[in-house]
Amino acid sequence: MIFDLKDLKPAEKQYYLQHVVAPRPICFASTIDKNGNVNLSPFSFFNLFSANPPVLVFSSARRGRDNTTKHTLQNVIDVPEVVVNIVTYDMIHQTSLASCEYPEGTNEFVKVGFTEEPATIIKPPMVKESKVKMECRVLEIKPLGNEGGAGNLIICEILRLHLDDALLDENMKMDQRKLNHVARLGGDWYCVVNESNLFHVLKPITELGIGVDALPENIRISKILSGNNLGQLANVKEMPVIDTAFDDNHLKQIIQYYSVSPEEMERELHVYAKKLLGEGKVKEAWQVLLSGA
Ligand SMILES: Cc1cc2nc3c(=O)[nH]c(=O)nc-3n(C[C@H](O)[C@H](O)[C@H](O)COP(=O)(O)O)c2cc1C
């Protein structure tokens, strides 16, 4: 199916795009109106766009229903300051409740049961229960359209980052497993980042990786090795060569057992290399593949 966005109804655009551009982190924005009334609302059209200067952006959309704008937008026009609180799994139901369209002047901290903690350099309060809070100054507000569903980019400079000490080790390093971020997807779907779904991808080597196009053809067109496997193998500075010191019993067995059938041997070597790549053992996988060359 191919969709031309101009042929979709506004609700359909929102529906498909929110499912596919996902997961999106959640900015839980605390602002104040011109009379000092506090507001707290979640926004998942949100991300970090620059580290230096430190800039994040979230978007408060015009309502599809009646094209009205939201309190958060008016607040940052009147008082260009916002605390962006990061939402973790233990906060998600209260956060969702805060998205109810309570009347102007309603303090969602009170409504959903979060605790106000004074910020240190701006006026809107922080959410005490959040493990990560960013005090921000609004740099610019950029409307993206005049119709229902149109976003208004709220571009913010991050002035001060508050991190729960429990997230840092003795060397001031963060452990991604400890945060339990929550993110929004399409419809009612959310996801949580925890140990069961986190994994590492080695950074591309600083010297250029040889690239998939430089892999030997039998590896490149392998029916067993996946695109991910090829990506791992191609992330080496130069084509590896056979290491005569490489000693592996399973490899020896394959070579011995399948010596009469080169095709079957190649298949078995690829199966074994794939297993090693799954365990992150790229060097070993290369040796296995080279031994069949
Ligand atoms: C997890 C979550 C993410 C949301 N993301 C957005 C968003 O990115 N932009 C938006 O305009 N509304 C978003 N909403 C809806 C607003 O939170 C909702 O309209 C809220 O009432 C706005 O409050 P305000 O009028 O006090 O600013 C989201 C709601 C939830 C629950």
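## Salt bridges, ligand shell and selected residues

A search of the whole structure finds 14 salt bridges. The structure is a predicted model, and the values below are computed from its atoms. In general, side chains of opposite charge can pair when their charged atoms come close.

### Salt bridges

Glu-101 takes part in a salt bridge with Arg-63, with N and O 2.9 Å apart. Arg-63 belongs to the loop between S5 and H2, and Glu-101 to the loop between helix H3 (92-97) and helix H4 (108-112), so this pair ties together parts that are 38 residues apart in sequence. Arg-63 counts as buried, because its relative accessibility is 14%, under the 20% limit for that class. Glu-101, at 48% relative accessibility, counts as partly exposed.

Glu-101 also forms a salt bridge with Arg-65, where the closest N and O atoms are 3.0 Å apart. This pair likewise links distant parts of the chain: Glu-101 is in the loop between H3 and H4, and Arg-65 is in the loop between S5 and H2, 36 residues apart. Arg-65 has a relative accessibility of 62% and therefore counts as exposed. Glu-101 thus has a salt bridge with Arg-63 and another with Arg-65; of these arginines, Arg-63 is buried, whereas Arg-65 is exposed.

A further salt bridge joins the side chains of Lys-275 and Glu-279, with an N to O distance of 3.1 Å. Lys-275 is partly exposed at 49% relative accessibility, and Glu-279 is also partly exposed, with a relative accessible area of 41%. Elsewhere, Asp-4, Lys-6 and Asp-7 are linked in a network of salt bridges.

### Ligand surroundings

The ligand is surrounded by 19 residues, of which the closest are Pro-42, Ser-44, Ala-61, Thr-72 and Ser-99. By class, the residues of this shell divide into seven nonpolar, eight polar and four charged. Strand S3 gives the most to the shell, with four residues.

| Residue | Protein atom | Distance to a ligand oxygen atom |
|---|---|---|
| Asn-39 | side-chain N or O atom | 3.0 Å |
| Pro-42 | polar backbone atom | 2.8 Å |
| Phe-45 | backbone N or O atom | 2.8 Å |

Taken alone, the ligand exposes 640 Å², and the protein buries 92% of that area. Two or more residues of the shell come from each of strand S3 (38-43) and helix H2 (71-78).

### A nonpolar surface patch

Which residues make the nonpolar surface patch of about 850 Å²? The patch is made by Met-1, Phe-3, Leu-5, Tyr-15, Tyr-16, Leu-17, Val-20 and Val-21. One of these residues, Val-20, is found in helix H1, which covers residues 10-20. Val-20 is exposed because its relative accessible area is 61%, over the 50% limit for exposed residues.

Ser-59 is part of strand S5, residues 54-59. Is Ser-59 buried or exposed? With a relative accessibility of 9%, Ser-59 counts as buried. A polar atom of the Ser-59 side chain lies 3.3 Å from the backbone nitrogen of Asn-152.

Ser-50 has its place in strand S4, residues 46-51. A polar atom of the Ser-50 side chain lies 2.4 Å from the backbone oxygen of Pro-53. Ser-50 and Ile-158 are 108 residues apart along the chain, and their C-alpha atoms are separated by 9.9 Å.

### Ala-166

Ala-166 lies in the loop between strand S10 (152-163) and strand S11 (182-184). Ala-166 is exposed, with a relative accessible area of 51%. The C-alpha atoms of Ala-166 and Ile-224 are separated by 44 Å, and these residues are 58 positions apart along the chain. By contrast, the 9.9 Å separation of Ser-50 and Ile-158 spans 108 residues of the chain.

Technical notes:
Residues are numbered from 1 along each chain as its sequence is written. This is a predicted model: local features need pLDDT of at least 70, side-chain atom pairs count only at pLDDT 80 or more; totals for chains, interfaces and linings use all residues. Side-chain values use heavy atoms; hydrogens and water are left out. Patches are made of residues with over 30% relative accessible area and no salt bridge: like charges are joined within 9 Å, nonpolar side chains (Val, Leu, Ile, Met, Phe, Trp, Tyr) within 5 Å. Accessible areas come from the Shrake-Rupley method with a 1.4 Å probe; for residues, only the protein chains shown count as cover. A salt bridge is a side-chain nitrogen of Lys or Arg within 4 Å of a carboxyl oxygen of Asp or Glu. Buried means under 20% relative accessible area, exposed over 50%, partly exposed in between (1.4 Å probe, protein chains only). A residue is near a molecule or strand if one of its heavy atoms lies within 4 Å of it. A polar contact is a pair of N or O atoms within 3.5 Å; within protein, one must be able to donate a hydrogen and the other to accept it, and residues adjacent in sequence count only if both atoms are side-chain atoms. Ala, Val, Leu, Ile, Met, Phe, Trp, Tyr, Cys and Pro count as nonpolar, Asp, Glu, Lys and Arg as charged, and the others, Gly among them, as polar.
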